[in-house]
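This report walks through the packing and the contacts of the structure shown below, part by part.

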Amino acid sequence: MRSRFRYYRPTSLSEALDFLALHGTDTAIVAGGTDLMISARSGDLQCKYVLDVSRLNELRPVAMSDGLLAIGSAVTHAEIAAHPVTRDVAPVLAKAASCVGSTQIRNMGTIGGNIANASPAADTIPPLMVHNAKIVVKSASGERVEYLGDFVRGPYVTILKPGELITHVLLEPMMSGYRHSFQRIARRRALSIARMNVAALGLVDGNGVIQDLRLSVGSVTPRPCRMTVAEDVLTSNKPDKKVFWEAAEKVSHEMVRWSGIRPTTEYKKPAVEGLVYRALADLFLSEG
Amino acid sequence: MSLGVVRSQAIGTSIERRGTRARLRGDTHFAADLNIAGVVTAVVLRSDRPHALIREFDPAAAKSTPGYLGVFTWRDIPGRNRFGIINKDQELLVERKVRCVGDPVALVVAETEEAAQRALSKIRVVYEDLPAVFDPEEALTDAAPRIHEKGNLLGRRVVRRGSPEEALKHSDVVVERTYTTSFVEHAYLEPDAGLAYIDHNDILVVHASTQNPHYDQKDVADLLGLPEDRVRIIQEATGGGFGSKLDLNVQGFVGLAAFLVQRPVRMVYSREEAFLATAKRHPLKIRYKSGANRDGRLTAVDVTIIGDTGAYASYGLAVTSRAAVHATGPYEVPNVSVEAIFAYTNNPMAGAMRGFGVPQMAFAHESQMDLLAAELGLSPLEIRRRNALRIGSQTATGQYLTASVGIGATLDAVASRWEEARVEKQSTRAFVRRGVGIASMIYGIGNTGMQNPSTAQVELGRDGFVTLYSGAADIGQGSSTVLVQIAAEALGLKPDAIRSVIADTAHTTSAGATSASRQTYISGNAVLDAATKLHNVILTEAAMMLKADRGDLELRDGSVFLRSDPGKGVSFKDIAERASRTGLPLKWQGYFDPDTTPLDPETGQGRPYATYAFATHVAEVEVDSLSGEVRVLKVTAAHDVGRAINPLNVQGQIYSGVAMGLGLALMEEFHPGVTESLKDYHIATAADMPAVIPIIVEDPEPTGPFGAKGVGEPALIPTAPAIANAVADALSARVYNLPMNLERVLKAGISVRSAEKEKSCQGY
Ligand SMILES: Cc1cc2nc3c(=O)[nH]c(=O)nc-3n(C[C@H](O)[C@H](O)[C@H](O)COP(=O)(O)OP(=O)(O)OC[C@H]3O[C@@H](n4cnc5c(N)ncnc54)[C@H](O)[C@@H]3O)c2cc1C
């Protein structure tokens, strides 16, 4: 049986925050609804109110401010994929957004929803991790800013409290000279949740040595993280295939360290190594 | 056939499929769109246990739900609480025990869907769980829990000829492998729906999404204890069926509810319910041993097939027989031993699904052909050519093929693409391998070794218009269009000029099921028979009216003209008026039953089908050994359809067959108790579709209407094995289990990947 609730659509952020201050514990926030509607349809969603933030202008900017890229939580995947600013300073995120679901899902689904839903397979999370993204959370009583890696505590769990909502995310822009890659594995070519996904940024100096390497892998750890063990293998080295495989093995090792050996490990271990290799090869060995 | 008709050119032309425009405009009414005053809703309370006795059933709390109209159990069923197309082993509402998750326990009727769901949630059922069995081989052991009183064996089919054991012993090469396939959901666009009411003549009318209205009529009448003529089934526009709508899904429930509450009742399955409660494709385990000699000719096959039909038979016996009969593929095999054994389990029911077991068998026999080719140093194309059936060949059941054996022609049709693709297949990226695969199939048109006639009527009305009456359910494949084209050709009319009345038991007679790719061949022949009779009557009448010699007459666009004096003629309308005055009937019945014989129970020898369709597909794939991803780039699909009555319809079937075959090959797997809906069940999307090059081969079937056979199921059958062979070509390693999902492909490709890794890391 479908969930029953009352639907509110505030016209300003402050109205939304006031509503949440009063009814936060009884309210589910909805943006694109592409995750929420599934639980509303199955009846799993238990709340008195649903608060629609998708049309709040305050949650919809895409702009540089103080040297950081601010993306409003209600910005859709389609907008992120197409926006000239994201394509310029966060192309790995734009690429990831373009891989989400299907045209219809990208037109509705938002980055804020993707983060708050905190699925281990969320496609925007690895790119946000390599951009050292911070999540800006507001409530009627104030604002707090958290690193994404701290914001998500586990599969589908965040530190968002009743009364709070995500207003935007802040990303360090990708500096010039960096290369980027986003790779994912799925069971089909559209409308398919990622089996695993990888975002990577890399910079090679004039001597052909890797100066900076940032790597994050989705669906292999319970919380988003950067694969520093692999990053360390790569930095200060010249990009070559042997090193890529070494880094890839570090990642799979890390996965097993976090999650132990499971029935899925037989596939996930070689697959995550393969995917990391594919990302690194794409980063350093492909044209352009 | 010399009918004295000027070719209306209705045959072989891609006229627009009937109903296309309405569908594109959104005007089409599907069963779920029907709404009539006072309609109420029925929902089904389903078991959440695979095998359990019902100890207590307490609906008391449901009764206070606003809008509640009734909760009904098997005790309320006035007729015989048994149904099923072949074995009457299903209960509309279970009596004593549930045999699978999803079994119907009670029917709840309320003013609205919501009220019905609410009432349903208040019903208390106490089950006593029984030991359950989910593996068909286990189900056949003595220790297994008994699912049906008669035991867990559904059926067995043996096909035997020659001395296979001896022949295998003396073969130059022998290959033996075991193949498995998964449960597959039909995933038709339109989940099941129906609406029932009792009309002013006291007839129970059921509008439904169905593939077999005349069967529905019988079983609904039986369930309700009504004579058949008190039940009328009207097929609404149907958004796909693929075999699952051959079963009685909602028809019995809405019929019973309307009968009991005396109000119009509707029922629409959610996607989840369609997944939970309708039939699946049978998972098969196939042990396959084949032998061949150095000359590349097959010597013998020895095949064991284990099938899981789940809790109920549905079309399981048809799949048992068809799988066994088709085990040898489109090849001459002098020595054959096939045994198919199907068992009941506590899994969801498996039934008919596009191909009736042949897609699974083709995966096995086509993998075997490539394995043999490799052993013999022959190309996969060559080994198929050497063994392909031809005119004069005998099939595994000992049937001599006398005409329309187009397998060789389909091999020829794809040969150039096959050769090109093998040259072009150099990979462009490290770790990504290209592969090319070929696979062929044979498919017997119509039911296996049994009568399966069709009937039709063609009527010339007093207004001069011709109407076709056919019970054949058009479920999107286009039979209504093709049948009209056949009637048009026979009567010298344009197809547009013919009206049709389709799949309404009050106005049409049985055409049999829309299954087994039979409607073009069998119902097409019934229509042709009726139209030919009418044609003859028209000629006789016209000859009288024109005082002309019959041989000098021709039918064209609704009139009969004198060939020798084309200015002189008489219209169908004038003929109809005269005939009605003289009492001459102008509605004629046609009948056709394919020429078959039953299979011998011991040896499986006989003539199971009157004609066979053939096909060959070439698949080109790209396999990523880093991830296990497979991308199908192109499928070249050649089909011998005898004669394409409507080439565009044939192409449409081929495109859809490739889409479905790709899903079967790579991603479709239904896990009982786990898979819920399209959220966790993957079918191919547009983005997964390869380029499809359909090639229509026409080797006319002398007994077919204008030479036609069928293509509905054949379209799907070679795709999965062609992809499997292409993946094996790419990886130099084979996957023996469908689907070839990420996990299986990555595992199969691990040595290719290691080699590539080695290579890529050298040089440093
Ligand atoms: C068919 C389909 C395919 C999909 N494919 C993908 C895919 O490929 N990759 C992928 O990553 N995801 C995919 N998803 C999941 C989903 O589309 C994304 O997670 C999407 O970004 C969710 O955004 P939304 O705006 O629709 O969220 P909603 O459903 O509106 O909300 C999701 C959750 O976030 C909360 N929330 C939303 N906005 C805020 C806010 N501003 N502050 C605080 N909490 C908030 C809601 O309360 C809810 O708990 C798919 C979903 C579907 C249905």
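With which residue of chain B does Arg195(A) form a salt bridge, and how far apart are the closest N and O atoms? The partner of Arg195(A) is Glu743(B), and the closest N and O atoms are 2.7 Å apart; a salt bridge here is a side-chain nitrogen of Lys or Arg within 4 Å of a carboxyl oxygen of Asp or Glu.

## Basis of the values

This is a predicted model, in which local features need pLDDT of at least 70 and side-chain atom pairs count only at pLDDT 80 or more, while totals for chains, interfaces and linings use all residues. Residues are numbered from 1 along each chain as its sequence is written, chains are lettered from A in the order in which they are written, and side-chain values use heavy atoms, with hydrogens and water left out.

## The interface of chain B and chain A

The contact (heavy atoms within 4.5 Å) takes 29 residues from chain B and 26 residues from chain A. Between them the chains bury about 2700 Å², with 56% of it on carbon and sulfur atoms; buried area is the accessible area (1.4 Å probe) that two parts lose on being put together, summed over both.

Eight salt bridges are found across this interface, together with 14 residue pairs in polar contact, both residues being at pLDDT 80 or more. A polar contact is a pair of N or O atoms within 3.5 Å; within protein, one must be able to donate a hydrogen and the other to accept it, and residues adjacent in sequence count only if both atoms are side-chain atoms. On the side of chain B that touches chain A, helix 18 of chain B gives the most, with five residues; helices are DSSP runs of H or I with at least four residues, numbered from the N terminus.

## Domains 1 and 2 of chain A

The domain assignment, which is automatic or from a database, divides chain A into domain 1 (6–52), domain 2 (59–171) and domain 3 (179–284). Taken over C-alpha atoms, the centres of domain 1 of chain A and domain 2 of chain A are separated by 18 Å.

About 1000 Å² is buried between domain 1 of chain A and domain 2 of chain A, and carbon and sulfur atoms give 76% of that area. Leu13(A), Leu17(A) and Thr34(A) supply 40% of what domain 1 of chain A buries against domain 2 of chain A, more than any other three residues. The count of salt bridges between domain 1 of chain A and domain 2 of chain A is zero, and one residue pair is found in polar contact, both at pLDDT 80 or more.

How values were computed. Helix = DSSP H or I, 4+ residues; strand = E, 2+ residues; numbered from the N terminus.
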